[in-house]
2 protein chains.
Amino acid sequence: MTDTQKCAPCRQIFIVSDGTAITAETLAHSIMTQFPDLDYHQTRIPFVNTVEKALETAQRINQVEKEEGLRPIIFTTFVDPDIMRTFNEHVSGHIIDLFRKFVGPLETELGMKSAHSIGQSHRIRDDAKYNRRIAAIDYTLQHDDGQTNRGLDEADVILVGVSRSGKTPTSLYLAMQFGIKVANYPLIPEDFDRGSLPDALIPLREKLFGLSIKPERLSEIRNERRPNSRYASIENCRQEIADAEGLMAREGIRWLNSTTKSIEEISATIMADLGLDKRRNS
Amino acid sequence: MTDTQKCAPCRQIFIVSDGTAITAETLAHSIMTQFPDLDYHQTRIPFVNTVEKALETAQRINQVEKEEGLRPIIFTTFVDPDIMRTFNEHVSGHIIDLFRKFVGPLETELGMKSAHSIGQSHRIRDDAKYNRRIAAIDYTLQHDDGQTNRGLDEADVILVGVSRSGKTPTSLYLAMQFGIKVANYPLIPEDFDRGSLPDALIPLREKLFGLSIKPERLSEIRNERRPNSRYASIENCRQEIADAEGLMAREGIRWLNSTTKSIEEISATIMADLGLDKRRNS
C-alpha cells in the first residue's frame with residue numbers, strides 16, 4: 001500500500017475502489033477542478049476488494065485525518081455492497097459515493113436489478129471492442145508522422161500540422177480512447193515552398209484535420225528537444241505556423257489551435273467536427 | 001449534430017455536456033455495466049455550451065422519446081448553471097447529473113465556492129502536466145518493442161512478454177494516462193534458447209514487469225496479423241508462453257495474465273504493484 005505524503009494544511013483527497021479506481025479518479029479530477037483555489041494532495045487506492053482491505057484502508061485514512069486535523073475527501077466506486085458498508089462504517093472522512101447515488105435510482109427507472117459483482121466495469125472484457133482498440137493503435141503507430149502512405153485511405157482521420165503541434169499524442173489518444181484509425185502527416189517547409197499539400201493527401205482531403213499552435217508555445221516545446229536550434233527559434237516557428245495556417249485556409253482544411261487545450265479536448269473537438277461520434281455509436 | 005440511431009425497444013442513453021463529455025461518458029459506461037442485461041444505444045453530445053444549444057438538444061432528445069416511447073437516460077456534466085437549468089427544464093428524460101450532486105455538498109465541506117466557468121475540467125491546461133505526458137509518450141514510442149537500449153535506465157517500468165501479449169497498448173496507456181515513461185521489450189525464442197533475459201535488461205531487473213496471456217487467445221490475435229503462420233499456431237503459442245513464464249519465474253519477475261483484463265485494469269495493476277501510484281502522487 002502506498003504511503004500518503006503529508007501536505008497539511010492542504011486537503012487530502014482519497015480515491016478508493018474495489019476496481020482500478022481509474023473511473024473514480026477521472027471524475028474526481030473533474031469535480032475538484034471546480035475548486036481551483038484548493039490546495040490538495042490526491043492518493044489513489046485501487047483494488048480494495050476484500051472486507052479486510054476495506055477496514056485497513058479506512059483505518060489508514062483515519063490515521064491521516066488524526067495527524068493532519070483536516071477531514072479528508074474520499075471518492076469511492078465500490079461495487080460490492082459488503083465492502084462498501086465496511087468502509088463507510090469505519091471511515092470518518094467526507095465520502096462521495098460515485099456509484100450508489102445513481103445506481104439505485106436507475107434500478108427503479110429501468111425496472112431491473114443491477115449486477116453486484118466486483119469491478120464489473122473493467123472486469124468484463126469486450127473482446128470485439130478490445131480488438132478494435134488494438135487494431136486502431138497498430139494502425140496509428142504505423143501511420144505516425146507520415147511514415148507510410150500505404151493504407152492511408154483506411155484512416156478515419158488524418159491529422160496535419162507542423163512538427164510538434166500535438167499530432168502524435170492526439171492520434172494515440174483517439175485510437176486508444178475511441179478505437180478510431182488515425183494517420184498523421186507533418187506539414188514541412190517543402191510543402192510551403194511548393195504551396196500545396198503533400199501529393200498523398202490530395203485525394204483524401206475530406207479526412208484531413210489540422211492542428212495549429214501559438215508560435216511562442218511551439219518554440220518552447222521545440223527548444224526542449226533541440227535547444228537553441230534554428231528549428232526551435234521563434235522566427236522560424238512564426239514562419240512555419242503562418243505558412244501552415246495559410247495552406248490550410250487555401251485548401252479548405254478544418255483546423256483548431258491546440259495551444260490551451262488538453263489532449264482530451266482536442267480529441268473531442270475533432271470527433272465532433274468530423275461526425276465521428278455518430279459513426280462510432282452506430 | 002449527430003443523428004441518433006433508432007433502437008426501439010432498447011433504451012436510449014444520452015451523454016450531454018458543455019465540455020468534451022468524455023468524463024461523463026467514462027462514468028456513464030461504468031454505471032451502465034451494472035446493468036449487463038440492458039440493451040441500450042449510447043449517444044454522446046459534447047460542447048452544448050450555449051442556452052440555445054441546450055434548448056435544441058433537449059428538444060432533440062424529447063423527439064427521440066416521442067418516437068420510441070421509452071424514457072431516455074441522460075447523463076450530464078454541465079458546469080454552467082444557466083445552460084443546465086435550461087436543459088433540465090425542457091427535457092423529459094431521466095437525468096443523472098454527475099456534477100451537481102457532489103459539487104454542492106463539497107462547497108459546504110470545503111467552505112468555499114466552486115468555479116462556474118464552462119468546461120473547466122479540460123479547459124484549464126496544466127502545462128507542466130501536459131509536458132510530462134508528451135515527454136512520456138515520446139519516450140514510450142522511442143522505446144517500443146525493444147527498438148533501442150539507449151536511455152533504457154530512464155524508464156519508470158519496462159514491460160516484457162512475448163509478441164502480441166499486450167505490451168504496446170499498455171505502455172501507451174500508462175504514458176498517456178499517468179505520464180510515466182515505459183519501455184517494452186519482447187521476449188523471443190533466442191532468449192528462451194539461451195535461457196536468460198536479454199543482456200540489456202539484466203541490470204534493470206527491478207523495473208521489469210511481465211505480461212502473459214492464454215495461448216488460445218494469443219493464437220487468435222496472431223492469426224489476425226499473420227493467418228495460418230507458424231508464428232500464430234497454437235503449438236508455437238503454447239511453447240512460447242510456457243518458455244516465457246518459466247523464464248520470468250526463474251528470474252523473479254512479477255507478471256500478470258492479461259487475457260481477460262482491459263488495458264485500464266492491466267495498467268492499474270502494474271501501477272499498484274510497482275508502487276508507481278505513490279511516485280506519481282508525490
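Trainee: Which two side chains of chain A meet in a salt bridge at 3.1 Å, N to O?

Mentor: First the rule: a salt bridge is a side-chain nitrogen of Lys or Arg within 4 Å of a carboxyl oxygen of Asp or Glu. Here the pair is A:Asp82 and A:Arg85, at 3.1 Å from N to O. Both sit in helix α3 (residues 81-90) of chain A, three residues apart, or about one turn of the helix. Helices here are DSSP runs of H or I with at least four residues, strands are runs of E with at least two, and both are numbered from the N terminus. Keep in mind that this is a predicted model: local features need pLDDT of at least 70, side-chain atom pairs count only at pLDDT 80 or more, and totals for chains, interfaces and linings use all residues. Side-chain values use heavy atoms, without hydrogens and water, residues are numbered from 1 along each chain as its sequence is written, and chains are lettered from A and ligands numbered from 1 in the order in which they are written.

Trainee: How do I read the interface itself, say which residues of chain B are in contact with chain A?

Mentor: Contact means heavy atoms within 4.5 Å. By that test, 89 residues of chain B touch 89 residues of chain A. For area, take the accessible area (1.4 Å probe) that two parts lose on being put together, summed over both. That buried area is about 8,400 Å², with carbon and sulfur atoms giving 61%. B:Gln34, B:Phe35 and B:Phe102 supply 9% of what chain B buries against chain A, more than any other three residues.

Trainee: What rotation superposes chain B on chain A?

Mentor: Copies are superposed by least squares on the C-alpha atoms of residues with pLDDT of at least 70 in both. Here a rotation of 180° with 0.0 Å of shift along its axis does it, at RMSD 0.1 Å. That's the relation of a two-fold axis. In chain B, the C-alpha nearest the axis belongs to B:Leu27, 3.7 Å away. The copies meet through the same surface, because 100% of the interface residues of chain B are also interface residues in chain A.

Trainee: Where is A:Arg164 found?

Mentor: A:Arg164 is in the loop between β5 (157-161) and α7 (167-178) of chain A. Its contacts, not counting residues up to four places away in sequence, include A:Tyr231, B:Ile134 and B:Asp138.
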